[in-house]
Amino acid sequence: MPAGQINRLLDLWASTLAKHGDKPPFADHRDLYDIIDNSPFGDVNWQNFTVTYDGERPEDGTKPWMDDKYEVWFRDPREVVRNMLANPTYASEVDYCPYREYSTEGDKRQWKDFMSGDWAWDQAVSADEIAKDPSTLGSTFVPVILGSDKTTVSVGTGNNEYYPLYASIGNIRNNVRRAHRDGVAVIGFLAMPKTTKEHATEAVFRKFCRQLFHSSLSKILNTLKPGMTTPEVTRFGDGHYRRVIYGLGPYIADYEEQALLACIVRGWCPKCMASREDLDEDALRRCRKYTEALVQEGSLGDLWDDFGIVGELVAFTNDFPRADIHQMISPDILHQLVKGAFKDHLVEWVEKYLRHTHTKRKADQIMDDIDCRIAAVASFSGLRRFPQGRGFKQWTGDDSKALMKVIHQFSHAMVYLPAIEGHVPVDVVRTFRALLEFCYLVRRNIITEDTLVEIEDALSRFHHYRNIFRTTGVVPTFSLPRQHSLKHYVQNIRLFAAPNGLCSSITENKHIKAVKEPWRRSSRYNALGQILVTNQRLDKLSAARADFTRRGMLTGTCLSGKKCAQTIPALAEELNIPSLPDLLRRFLFQQLHPKDPRDPSNIPLAECPLYLSKISVFNSASSRFYAPSDLSGIGGMRVEHIRSCPIWRNEYQRHDCVFVNTDSSLPGMQGLEVARVRAFFSFRYRGRLYPCALISWFDKVGDAPDEDTGMWIVRPGFGADSAPGYAVIHIDSIYRAAHLIPMYGVQFVPRELKFYHSYDAFQAYYVNKYADHHAFEIAF
C-alpha cells in the first residue's frame with residue numbers, strides 16, 4: 001500500500017479514536033515502517049558484492065562492458081533456510097527424513113512429496129558422505145531447492161528486467177511450497193550485464209555473462225557449504241532442535257535457463273546425450289563425472305559439435321559436494337507442457353495445418369469459428385475464460401497474472417480440444433487428448449506405479465498420433481527440446497516425486513509478490529534498493545504473523561448468505577416451474593421413507609406430505625470434498641462455490657452444473673449423474689432442516705466416454721411428457737461442481753452467442769474431465 005494511503009487510513013483511524021481520548025499505535029507511515037524494521041522476526045539483511053571482468057583484453061581496445069562493475073544483491077541462504085525450518089506455520093507439514101511410500105492396496109510404490117523420491121533417499125541413505133560417516137549419521141537432510149528466472153516488471157519503461165533467485169527446502173511438503181506459505185523466499189538478484197548491440201553477440205561477452213551467472217550462484221550459496229559436510233544444530237518449527245546437513249537439491253528453471261545451468265548448447269537436452277538433430281533417439285543420461293571426463297579429453301569444438309557441451313564454462317555445482325547439475329534439473333510443467341508442447345507446438349501446428357490445407361480465406365473462417373466456440377464455453381468456478389478466443393496467444397498483463405496459477409494454465413487447453421473437433425482430422429484431436437491426459441497425470445499430487453504406466457501410455461499415444469502433422473507437411477521434425485523433455489518425466493517422478501511441487505509456476509507466481517508489486521510501489525528511481533527493503537519488510541511481517549498465530553493471537557471467521565423467494569409457490573413462479581410443489585412433496589416422502597422401494601415419480605401425491613411454510617433461498621452453496629491431486633488444496637481438502645442465481649454480475653443468469661452421487665459403490669461416471677442447479681433452498685419440516693437443490697437432469701449418451709476426446713457426452717434430460725426432467729434433491733447428494741462444453745459438430749457457431757447462453761443453446765455436451773485435477777480423476 002502506498003505511503004499516502006497508509007497516512008490517510010491512520011488519519012481516519014485517529015478521527016474515530018479522538019472522542020475517546022485515544023490514538024492509533026502508529027503516527028504515520030514512517031512510524032509504521034520503523035516498527036517493522038526494528039522487528040526481530042525474520043531478520044535476514046541484504047548484502048552485495050561487485051564483479052568485474054578480469055580476463056584477457058583485446059589489443060585493439062577494451063570493450064565498454066569490460067570496465068563496468070556488476071552488482072549482485074543477496075541474503076544469506078543459510079539464515080533463510082534456518083528461518084524456514086523454524087517456521088511454526090507448517091511445522092506439522094515437514095518431513096524430517098527421506099522415505100519410500102507404498103499403497104495399502106497392492107503394496108505398490110507411490111510418490112507424493114519431495115522426500116518420497118529416490119533422489120533424497122540416495123543422497124541421505126545411500127551416499128557415503130552422509131549415511132556412512134559417523135559424524136553425519138542420524139542428521140536431518142535438508143535439500144535446498146533453487147529457482148531463477150528473468151522477469152519484466154513493465155513494458156516500455158526502459159531498463160525494467162530483474163533476475164531474482166529463489167530458495168526453498170525439500171523437507172516442506174509440496175502443498176506448502178505451492179501455496180507460498182513462506183516456503184519460497186527470494187535470496188538474491190543476479191546481475192544482467194548490458195552492452196551495445198555491436199558487442200552483445202561477441203563470444204567473449206556471452207561467455208562472461210554465462211560464467212558470471214555460475215560464479216554468482218557459487219558465491220551466494222557459499223555459506224551453505226560447511227553445513228554440507230559438517231552437521232549444525234538448528235531449531236525447527238515444532239520447538240525441537242535437530243542436527244541438519246544441507247545439500248543442493250533440484251533447480252527450477254525454464255529451458256533457456258536449463259541450458260545455461262547445464263553448460264550445454266541450446267537445442268540439446270540437459271538431461272541426456274541425445275543429439276539435437278534427433279532428440280527422440282534413446283541416449284545415455286548426462287552426469288557430472290562423464291561431462292568432466294569429456295572436457296578433459298576433448299577439444300572445445302568437438303565438445304560443442306558432438307556433445308552439445310560448452311566446455312569453457314564451469315558449473316556452480318562443481319564447488320559443492322554431491323551436486324550434479326544434470327540430475328538436479330527438475331521437470332517444468334509450465335514451460336515444457338503448457339507453454340511448450342501445447343501452446344507453442346500443437347496450437348501453432350493446428351493453425352499451420354489449416355492454412356496448409358485450405359485457402360487463406362477458408363482457414364481464417366475456421367479459426368474465427370474456433371474463437372467463437374472457445375468464447376461460448378460456460379463459466380466454471382476456477383476456470384479462466386477467453387472471451388476473445390485464441391487471444392491467449394499473447395500472455396501479457398492481466399492474462400499473464402491469471403495464467404500464473406497452474407489451475408488456470410490449462411483453461412484454454414481444456415476448451416480448445418472440443419473447439420477444433422470437426423475442423424481437423426481425428427488424429428489431431430487424439431494428439432491433443434493424449435497430451436492433455438499426460439499433463440493431468442503428471443500433475444497429480446500422488447503418483448503410483450500404475451500412474452507411471454498410464455503416463456507412458458499417454459506419451460506413446462502422443463508420439464503416435466502427432467505424426468499427422470509430419471505426414472501432412474506441417475512440421476519437418478519433432479526434435480524439439482521442450483517436447484523431448486516429456487520422455488524424462490517418469491524418471492524425474494521417481495527422483496523428485498510429484499512434479500507439481502517443482503513447477504516454474506511457483507517461481508513465476510513468486511515474481512508478483514517479490515518483484516512486480518514492490519516495483520510498482522517504488523518511485524522507479526533506483527528501484528532495486530526499494531524492492532529489497534520491501535521484501536525484507538514483507539518477510540518480517542510474515543514471520544511476525546506466524547509467531548502471533550502460534551500464540552493464538554489471530555482468529556476470525558466470516559459467513560454470508562442471500563435470500564430470495566420465501567415460499568415454494570413463489571419460487572415456482574419465479575423459476576417458471578409449476579411442478580415444483582409436487583416435486584417437493586415427493587422429495588419429502590423419499591426423505592421420510594428412505595427404504596421405500598418405489599420410484600418417487602410413481603408414488604401417488606396423496607401419500608406425499610404437503611409443505612406450505614416458509615423457505616430460505618440461496619444464490620450459492622459451498623462444496624467441500626477430498627481432492628488429493630488438487631494443486632492448491634491444503635491437506636487434500638478443497639472448497640468450491642456452486643452458484644445458482646437469477647442475476648450474476650448485474651448482467652445474466654447463472655446456473656452451474658454439478659455431479660450428483662447416485663451410487664457410491666460404482667466407479668467414476670457409472671455412479672455419478674450430471675445435473676444443472678436451478679435453485680438452492682432450505683426449509684424445516686417437523687423440526688428437521690432440509691437443505692435442497694432444484695435441479696434439471698442431463699442424460700448420458702452411451703455407456704462409455706467418447707473415443708476421440710476421452711470425455712463423456714450428455715444431453716438435457718426430459719420426462720415422459722417431453723417436459724424437462726426436474727427433481728428436488730438433498731444437497732448432500734451433490735458431489736461437486738461439473739463443467740460442460742458444447743458439442744459443436746461441424747457447424748459454425750453464431751457470433752452473437754454468448755458464453756452464458758451455452759447451457760441452453762446446444763443439444764449435447766462433453767463432461768469436461770479436464771476442468772481440474774479432481775474432475776480428471778472422477779469423470780472417467
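User: Is cysteine 645 buried or exposed?
Analyst: The model is predicted: local features need pLDDT of at least 70, side-chain atom pairs count only at pLDDT 80 or more, and totals for chains, interfaces and linings use all residues. Residues are numbered from 1 along each chain as its sequence is written, and side-chain values use heavy atoms, with hydrogens and water left out. Buried means under 20% relative accessible area, exposed over 50% and partly exposed in between (1.4 Å probe, protein chains only). Cysteine 645 has 3% relative accessibility, so it counts as buried.

User: How far is cysteine 209 from the nearest cysteine sulfur?
Analyst: A disulfide is a pair of cysteine sulfur atoms within 2.5 Å, and a search of the whole structure finds 0 of them. Cysteine 209 is in no disulfide. The nearest cysteine sulfur belongs to cysteine 263, at a distance of 14 Å.

User: How does cysteine 209 count: buried, partly exposed or exposed?
Analyst: Its relative accessibility is the deciding value. At 21%, cysteine 209 counts as partly exposed.

User: How many of the 8 residues of helix α9 are buried?
Analyst: Helices (H or I, at least four residues) and strands (E, at least two) are DSSP runs, numbered from the N terminus. Helix α9 covers residues 255-262. The buried residues include Tyr255, Glu257 and Leu261. The rest of the structure largely encloses α9, because the buried count is 7.

User: Which strands are among the elements that cover the buried residues of α9?
Analyst: The cover includes the helices α8 (203-220), α12 (325-328), α13 (333-357) and α21 (481-484). Strands also take part: β5 (140-148) and β11 (241-252).

User: Which residue follows α9, and what is its phi?
Analyst: Most residues other than glycine have a negative phi. The residue after α9 has a positive one. It is cysteine 263, with phi near 55°.

User: Where does arginine 524 lie, and what is its phi?
Analyst: Arginine 524 lies in the loop between α23 (504-520) and α24 (527-550). Its relative accessibility is 45%, so it counts as partly exposed. Its phi is positive, near 75°.

User: Is asparagine 526 buried or exposed?
Analyst: Asparagine 526 lies in the loop between α23 and α24. Its phi is positive, about 45°, although it is not a glycine. At 57% relative accessibility, asparagine 526 counts as exposed.

User: Which residue in β4 stands opposite tyrosine 102?
Analyst: Strand β4 covers residues 109-111. It runs antiparallel to β3, joined by 2 bridges. Opposite tyrosine 102 stands arginine 109.

User: How many salt bridges does the whole structure hold?
Analyst: A salt bridge is a side-chain nitrogen of Lys or Arg within 4 Å of a carboxyl oxygen of Asp or Glu. A search of the whole structure finds 40.

User: Are lysine 339 and glutamate 508 buried or exposed?
Analyst: Lysine 339 has 18% relative accessibility, so it counts as buried. Glutamate 508, at 10%, is likewise buried.

User: Which residues make the nonpolar surface patch of about 290 Å²?
Analyst: Patches use residues with over 30% relative accessible area and no salt bridge; like charges are joined within 9 Å, nonpolar side chains (Val, Leu, Ile, Met, Phe, Trp, Tyr) within 5 Å. Areas come from the Shrake-Rupley method with a 1.4 Å probe; for residues, only the protein chains shown count as cover. Leucine 12 lies in helix α1 (residues 3-17). The patch is made by Met1, Leu9 and Leu12.

Conventions
Contact means heavy atoms within 4.5 Å. Two strands pair if DSSP finds at least two bridges between them.
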